[in-house]
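Please consult the sequence and structure shown below while reading.

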Amino acid sequence: MKGIKLQFLPKNVLNWRRILSGCLLLVCLFILSTTPVLAGIKDDRYDGNIFVVYAGNGSLVPPKATLATALKEHKPALLVFYVDDSSDCKEYAIVVSKLQAFYGGVAEIIPINVDTIIPKQSYEPTEPGYYYSGKVPQVLVFNQSGQVVLNEKGQVPFEQVDDQFRQLFDLLPRTESVELKRRSFNELNSELTQ
């Protein structure tokens, strides 16, 4: 019976049904064959650049300047070694982004993915590989003279790096200073309205 009913349908309807059923079959096969994303901030799986995914800060990658440029211009620099598939680095990306919010205009913030360091016998002091110790995250702060004033491994607290930058820029210690805050874009400045 069904064969008889189909014979009375126009050919373009039959073709349309075949195309639609083929597309549905492909969609079902695609959905069944893909695995869900299992990466997160607390695991060591790769799920993209950590500064974009976890810190919401794509402006850090690639860095605006190189270490050689920062040293040549006598500009303080924060050098951070990381990998995208480390839970420690993923969590630390938020701290680096916070540091950039306060010091990014006066110091170079240079995140270096250690997978991009080209292995060679020796490095120059202007190359990041010269300072890399083999562990991530690793944080270095350079003063205006190019000297390393902080070289720590692991998740170095914001306050420890902040203290180094406060010394470099001759700012009051945190205990004697007001808390650093970012202004919101829509904040009303009451001083200008008077």
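## Basis of the description

Two strands are taken to pair if DSSP finds at least two bridges between them. Helices (H or I, at least four residues) and strands (E, at least two) are DSSP runs, numbered from the N terminus.

The model is predicted: local features need pLDDT of at least 70, side-chain atom pairs count only at pLDDT 80 or more, and totals for chains, interfaces and linings use all residues. Residues are numbered from 1 along each chain as its sequence is written, and side-chain values use heavy atoms, with hydrogens and water left out.

Strand β3 is joined to β4 by five bridges, and the two run antiparallel. Within this pairing, Q138 has K153 of β4 as its bridge partner. The two strands form a hairpin with five residues between them, and G146 in the turn has a positive phi of about 90°. Five bridges also join β3 to β1, again in antiparallel fashion.

In a regular strand the side chains alternate between the two faces of the sheet. Both faces of β3 are covered: Q138, L140 and F142 are buried on one side, V139 and V141 on the other. Buried here means under 20% relative accessible area, exposed means over 50%, and partly exposed lies in between (1.4 Å probe, protein chains only).

## L79 in strand β1

L79 is found in strand β1 and stands opposite L140 in β3. With a relative accessible area of 0%, L79 is buried. Leaving aside neighbours within four places in sequence, L79 is in contact (heavy atoms within 4.5 Å) with residues including L67, I110, I112, P128 and Y131, as well as Q138, V139, L140 and F142. L79 and N151 are 72 residues apart in sequence, while their C-alpha atoms are 9.4 Å apart in space.

## Aromatic pairs

A search of the whole structure finds eight aromatic pairs. Rings of Phe, Tyr and Trp (its six-membered ring) pair if their centres lie within 6.5 Å; planes under 30 degrees apart count as stacked, over 60 as edge-to-face and the rest as tilted. The pair of F81 and Y132 is tilted, because the ring centres are 5.1 Å apart and the planes meet at 45°. This pair links distant parts of the chain, 51 residues apart: F81 belongs to strand β1 (residues 77–82), and Y132 to the loop between β2 (108–113) and β3 (138–142). F81 is buried at a relative accessible area of 0%, whereas Y132 is partly exposed at 27%.

The rings of Y103 and F169 have centres 6.1 Å apart and planes at 10°, so this pair is stacked. Y103 lies in helix α5 (residues 87–103) and F169 in the segment after α6 (158–168), so the pair ties together parts 66 residues apart in sequence. Y103 counts as buried at 3% relative accessibility, and F169 as partly exposed at 24%. Ring pairs link Y103, F165 and F169 into a cluster.

Which residues of α6 are buried? They are F158, V161, D162, Q164, F165, R166 and L168. What covers these buried residues includes β1, α5, β3 and β4 (148–153).

K98 lies over the face of F158, at 4.5 Å from the ring centre. A charge sits over a ring if NZ of Lys or CZ of Arg is within 6 Å of the ring centre and within 35 degrees of the ring normal. Helix α6 is followed by D170, whose phi is positive, near 55°.
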